[in-house]
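Welcome! Take a look at it first, and then read on.

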Amino acid sequence: MSKLYKTSRKPAGLPPGTLYYGGEKKDDRVVMTLIDYGEETFTEKSIGRIEECFPFRDEPTVTWINIDGLYDTGLVEKLGERFGIHPLVLEDIVHAHQRPKMEEFEDFIYIVLNMLSHDGETGGIVSEQVSLVVGSNYVISFQEIPGDVFEPVRERIRKKGRITRSGADFLAYSLIDVIVDNYFTIIEKKGDRIEGIEDIVLGDPSPEVLREIQSIKRDMLLLRRSVWPLREVISGLERGESRLITAGTKVYLRDVYDHTIRVIDSVESLREMIAGLLDIYVSSISNRLNDVMKVLTIISTIFIPVTFVAGVYGMNFRFMPEIGARWGYPAALGVMFLLMAGMVFYFRKRRWI
């Protein structure tokens, strides 16, 4: 069996087939849970050692093993050896940031998805890789970050819903469905934020607003990169000929495919709205600059003739008739005032101010 090498960057000189952890380390905790169920049986427990799962491998019931945290590479190696998981699949599991994909093997199907969640502190999107290994009577799920994103599926199993009367393929569908439904939550939050920014851009465009627009634009790009390949994954599961996916489950996968298309349409709409916000921001800044330049131009234009009069009578010629006049100074000021008033009246008449 291949050995797993734990590092954030692939070291040089590794033997062929050696696996390594290449994700960003967020948490050292590894949380393992097991749920085994059938129409009449149900077992749920936390696991301290991965060997506790091995007896369920050959049981006729459906077994779901969930591992939160990919940092114990020895644990993944043992699990892969017991369940016959291909070494290349193990490498993809521990090497995060894979593109969503689906690969069919003789005894199992390997699925890579991106789980997205909303960060309440920063307002951004947190992405983690979720890997699913779907066998004839088991599903093994791997998450980067410990969390309860699959809790709705656990509740459905505890309540003896339809999922307990179906096979491992239906469980895999349920997990995928939860991930896709979570995309709608992200889209709704981003849509609300975009509408709020639109009002700000129209009223008071500032550099902070521009940074917020750029942040949302990056989030939409991340969401788009996660959803577009997912369409191919769902389509491959629905139209594939694997014996592990029953015809009854393919009907539900078709519904998930429709949801994925809706998510893609929503993402593209939000991207167009973001592009529109950038255009509105640039137009608002240009209009504000034009208003400022308009005021400065009007002021300069009004004072040009006044400056001309002042410049004429500021010349130091000896013989200037108006210099000796008793009312020369008040007359010059009056001419200046009349010029200014006349230009203001003209500008108002032309509706320039």
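## A first look

Helix 5 lies across strand 6, strand 7 and strand 8, and its direction is at about 150° to strand 7. Contact here means heavy atoms within 4.5 Å, while axes are lines fitted to C-alpha atoms (for helices over the stretch in contact), with angles from 0 to 180 degrees between N-to-C directions. Helices (H or I, at least four residues) and strands (E, at least two) are DSSP runs, numbered from the N terminus.

This is a predicted model, in which local features need pLDDT of at least 70 and side-chain atom pairs count only at pLDDT 80 or more, while totals for chains, interfaces and linings use all residues. Residues are numbered from 1 along each chain as its sequence is written, and side-chain values use heavy atoms, with hydrogens and water left out.

**The sheet and the helix across it**

- Seven strands form an open sheet with mixed pairing, in the order 4-3-5-9-8-7-6; two strands pair if DSSP finds at least two bridges between them.
- Strand 4 (42–47) and strand 6 (101–104) are the edges, and each has a single partner strand, so one side of each has no neighbour in the sheet.
- On average, neighbouring strands of this sheet are turned by 15° against each other, direction ignored.
- Strand 5 and strand 9 (residues 138–143) run parallel and are joined by six bridges.
- In strand 9, Gln143 stands opposite Asp68.
- Helix 2 also lies across part of the sheet: strand 6, strand 7, strand 8 and strand 9, running at about 160° to strand 8.

**A closer look at Asp92**

- Asp92 belongs to helix 2 (residues 87–94).
- Is Asp92 buried or exposed? With 13% relative accessibility, Asp92 counts as buried; buried means under 20% relative accessible area, exposed over 50%, and partly exposed in between (1.4 Å probe, protein chains only).
- Not counting residues up to four places away in sequence, Asp92 touches Gln98, Lys101, Glu103, Tyr110 and Gln129.

**Nonpolar cores**

- In soluble globular proteins, nonpolar side chains tend to be buried together.
- A nonpolar core is a set of buried Ala, Val, Leu, Ile, Met, Phe, Trp, Tyr and Cys residues joined through side-chain atoms within 4.5 Å.
- The largest nonpolar core has 57 residues, of which Trp64, Ile111, Leu171, Ile176 and Leu223 touch the most other members.
- Several elements each supply at least two residues of this core, including strand 7 (109–118), helix 5 (207–239) and helix 6 (247–312).
- Helix 4 gives the largest share of this core, 16 residues.
- Leu223 is in contact with Leu116, Tyr183, Ile186, Ile187 and Val267, leaving aside neighbours within four places in sequence.
- There is also a second, separate core of 25 residues, with Phe56, Ile67, Leu79 and Val112 among them.

**Salt bridges**

- How many salt bridges are there? The count comes to 17, where a salt bridge is a side-chain nitrogen of Lys or Arg within 4 Å of a carboxyl oxygen of Asp or Glu.
- Lys78 and Glu51 form a salt bridge, with their closest N and O atoms 3.4 Å apart.
- This pair links distant parts of the chain, 27 residues apart: Lys78 is in helix 1 (residues 73–83), and Glu51 is in the loop between strand 4 and strand 5.
- Lys101 and Glu103 meet through their side chains in a salt bridge (3.2 Å, N to O); Lys101 is partly exposed at 21%, and Glu103 is partly exposed at 25%.
- Arg193 and Glu212 meet in a salt bridge too (3.1 Å, N to O).
- Arg193 sits in helix 4 and Glu212 in helix 5, so the pair ties together parts 19 residues apart in sequence.
- Glu44, Glu151, Arg154, Glu155 and Arg158 are linked in a salt-bridge network.

**Aromatic rings**

- Seven aromatic pairs turn up in a search of the whole structure; rings of Phe, Tyr and Trp (its six-membered ring) pair if their centres lie within 6.5 Å, and planes under 30 degrees apart count as stacked, over 60 as edge-to-face and the rest as tilted.
- Phe105 and Phe108 form a stacked pair, 4.7 Å centre to centre with 20° between the planes.
- Phe105 is partly exposed, with a relative accessible area of 27%, whereas Phe108 is buried at 4% relative accessibility.
- The pair of Tyr346 and Phe347 is tilted, because the ring centres are 6.2 Å apart and the planes are at 55°.
- One aromatic cluster is formed by Phe170, Tyr173 and Tyr252.
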